[in-house]
Protein chains: 2
Amino acid sequence: VNTVITIGRQFGSGGREFGKRLADELQIPYYDREIMEEIAKRTQLAEDYLNRVVEHRPSYHFPITVGRTLHGVAPDYMIRHQAEIFAEKNRALREMAERSDCVIVGRCADYILREMKPIRIFVYADMDSRIARCRARAEADEGLSDRQMKKRILEVDRNRARYYRYYTGQIWGDRSYYDLCINTTNTDIKAAAHAVAMMIRNQIEE
Amino acid sequence: VNTVITIGRQFGSGGREFGKRLADELQIPYYDREIMEEIAKRTQLAEDYLNRVVEHRPSYHFPITVGRTLHGVAPDYMIRHQAEIFAEKNRALREMAERSDCVIVGRCADYILREMKPIRIFVYADMDSRIARCRARAEADEGLSDRQMKKRILEVDRNRARYYRYYTGQIWGDRSYYDLCINTTNTDIKAAAHAVAMMIRNQIEE
């Protein structure tokens with residue numbers, strides 16, 4: 001069985017960087033946006049659209065709230081697409097995990113691939129540190145105040161939590177569902193990735 | 001400033017072993033029961049008694065529940081001792097942390113020494129794995145059923161959580177108060193301690 005490392009991450013916590021560095025250290029593939037690119041190819045749907053449908057508001061089972069989003073009501077075709085795209089994504093995840101050892105970020109991979117006993121990591125950080133990280137990486141957000149930034153971060157996390165809860169029945173970020181939770185507030189991500197890579201290498205060799 | 005590593009741990013999760021190994025790897029002192037031995041010397045009180053008073057049920061601020069324990073009502077002298085012993089313990093913790101780099105297990109050290117910016121680790125595990133670990137180490141418990149064992153584990157944790165909450169105002173085991181949370185269910189403790197030691201060494205050197 002391949003070694004699959006899954007990474008859940010709070011928005012702005014550096015989970016993506018951690019995952020990339022970990023994959024580099026272990027010299028194995030890293031899948032994040034690549035997953036959606038793959039599905040875009042398979043379904044012939046635009047990636048932007050896929051992300052909106054898949055990542056955000058799973059709601060088609062609840063008639064009362066069907067398709068309600070912050071921006072209004074989702075169109076019917078979007079709702080019809082949700083389950084189908086989710087299944088396609090899971091097929092893609094399984095193929096990736098069976099192809100080789102890999103690092104997969106987000107997308108409920110910890111749960112979808114649970115039979116492969118993935119090493120499940122959750123990356124998080126204090127709000128101040130997440131705001132700082134978001135500022136550092138996204139020039140487009142320069143106009144936002146700290147309060148607006150915080151609101152946006154919490155909104156993304158709320159969506160991730162809802163999505164995760166909906167498809168897994170588990171609580172996103174609850175430590176009992178992870179093997180390792182890393183707070184990047186005071187921790188150097190490079191050093192952490194290096195150490196975790198070593199730990200995983202040791203465990204595989206045993 | 002010395003590097004202080006504090007370890008919170010669920011009962012039966014192997015936190016003590018992890019802390020010891022980490023201290024060995026880093027070649028720095030490890031304080032756990034040693035802290036209470038120190039206080040026993042200072043206060044001339046028996047260590048057993050100290051542990052009962054300090055670790056377990058801080059309650060003297062709440063008149064309604066004063067001294068209530070599972071075994072009945074704590075005597076007055078015990079209640080009078082609580083705050084005093086807690087202060088003595090904190091003095092001892094500070095002295096240890098100022099003397100050299102060190103690993104400290106439990107005793108709210110993460111909070112008491114917060115100005116030293118300790119590296120705060122929480123060690124936890126699934127209930128089944130904790131029951132197995134308790135069985136492996138304590139022959140005295142052989143007579144307990146899994147259900148009784150689980151009850152005992154939960155009771156110890158409840159006391160730790162209550163104690164921690166009372167003296168720190170923080171939630172015991174809540175990941176936001178830790179830099180790293182390690183689930184020992186599927187993780188080799190030796191490999192984890194080795195990796196974390198390396199990570200800490202790298203961060204110190206930077």
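Predicted model: local features only at pLDDT ≥ 70, side-chain atom pairs only at ≥ 80, totals over all residues.

Colleague: What does the secondary structure of chain A come to, and how much of the chain counts as buried?

Modeller: Chain A has eight helices and seven strands. Of its 206 residues, 51% count as buried.

Colleague: Now the helix pairs. What makes α8(A) and α8(B) roughly antiparallel?

Modeller: Helix α8 of chain A and helix α8 of chain B, residues 189-205 in each, pack at an angle of about 160°. Angles over 145 degrees count as roughly antiparallel, so that is what α8(A) and α8(B) are to each other. Their axes are 9 Å apart, and α8(A) passes α8(B) in a right-handed crossing.

Colleague: Which residues make that contact?

Modeller: From α8(A) you have A:A191, A:A192, A:H194, A:A195, A:M198, A:M199, A:N202 and A:Q203. From α8(B) come B:A191, B:A192, B:H194, B:A195, B:M198, B:M199, B:N202 and B:Q203. They split into ten nonpolar and six polar residues, with no charged ones.

Colleague: And why is α6(B) called roughly perpendicular to α7(B)?

Modeller: Helix α6 of chain B (residues 127-137) packs on helix α7 of chain B (residues 146-168) at about 100°, with the axes 10 Å apart. The range for roughly perpendicular is 65 to 115 degrees, so α6(B) and α7(B) get that label. On the α6(B) side the contact uses B:M127, B:R130, B:I131, B:C134 and B:R135. On the α7(B) side it uses B:D146, B:M149, B:K150, B:I153, B:L154 and B:D157. By type, the contact has six nonpolar, no polar and five charged residues.

Colleague: Which residues of α6(B) are buried, and what do they pack against?

Modeller: B:M127, B:S129, B:R130, B:I131 and B:C134 are buried in α6(B). The buried residues of α6(B) pack against α7 of chain B.

Colleague: How do you know what to call α6(A) and α7(A)?

Modeller: Same test. The axes of α6(A) and α7(A) come within 10 Å and cross at roughly 100°. That makes α6(A) and α7(A) roughly perpendicular to each other. A:M127, A:R130, A:I131, A:C134 and A:R135 of α6(A) meet A:D146, A:M149, A:K150, A:I153, A:L154 and A:D157 of α7(A). Here too, the contact divides into six nonpolar, no polar and five charged residues.

Colleague: On to single residues. Why is A:R120 called buried?

Modeller: The cut-off for buried is under 20% relative accessible area, and A:R120 has 18%, so A:R120 counts as buried. A:R120 is found in strand β6 of chain A, residues 119-124. Leaving aside neighbours within four places in sequence, A:R120 is in contact with A:T6, A:D110, A:Y177, A:Y178, A:D179 and A:L180, plus B:N183 and B:N186 from chain B.

Colleague: B:Q82: buried or exposed?

Modeller: Buried, because its relative accessible area is 7%. B:Q82 is found in helix α4 of chain B, residues 76-99. The C-alpha atoms of B:Q82 and B:R52 are separated by 9.9 Å, and the two are 30 residues apart along the chain.

Colleague: What is the phi of A:R107, and how do you know the residue is buried?

Modeller: A:R107 has a positive phi of about 60° although it is not a glycine. Most residues other than glycine have a negative phi. A:R107 is found in the loop between β5 (102-105) and α5 (109-112) of chain A. Its relative accessibility is 7%, so A:R107 counts as buried.

Colleague: And where does B:C108 lie?

Modeller: B:C108 lies in the loop between β5 (102-105) and α5 (109-112) of chain B. Phi of B:C108 is near 55°, a positive value, and at 3% relative accessibility B:C108 counts as buried.

Colleague: Last one: which residues touch the most other members of the largest nonpolar core?

Modeller: In that core of 60 residues they are A:I35, A:I104, A:L113, B:I35, B:I104 and B:L113. A second, separate core of 48 residues includes A:L26, A:A191, B:L26 and B:V103.

Note on methods:
Residues numbered from 1 in each chain as written. Chains lettered and ligands numbered in written order. Heavy atoms only, no water. Axes fitted to C-alpha atoms, helices over the stretch in contact; angles between N-to-C directions. Helix = DSSP H or I, 4+ residues; strand = E, 2+ residues; numbered from the N terminus. Parallel < 35°, antiparallel > 145°, perpendicular 65-115°, else oblique. Contact = heavy atoms within 4.5 Å. Nonpolar A, V, L, I, M, F, W, Y, C, P; charged D, E, K, R; others polar. Buried < 20%, exposed > 50% of the residue type's maximum accessible area, 1.4 Å probe, protein only. Core = buried A, V, L, I, M, F, W, Y, C linked by side-chain atoms within 4.5 Å. Left-handed = near helix turned anticlockwise from the far one by under 90°.
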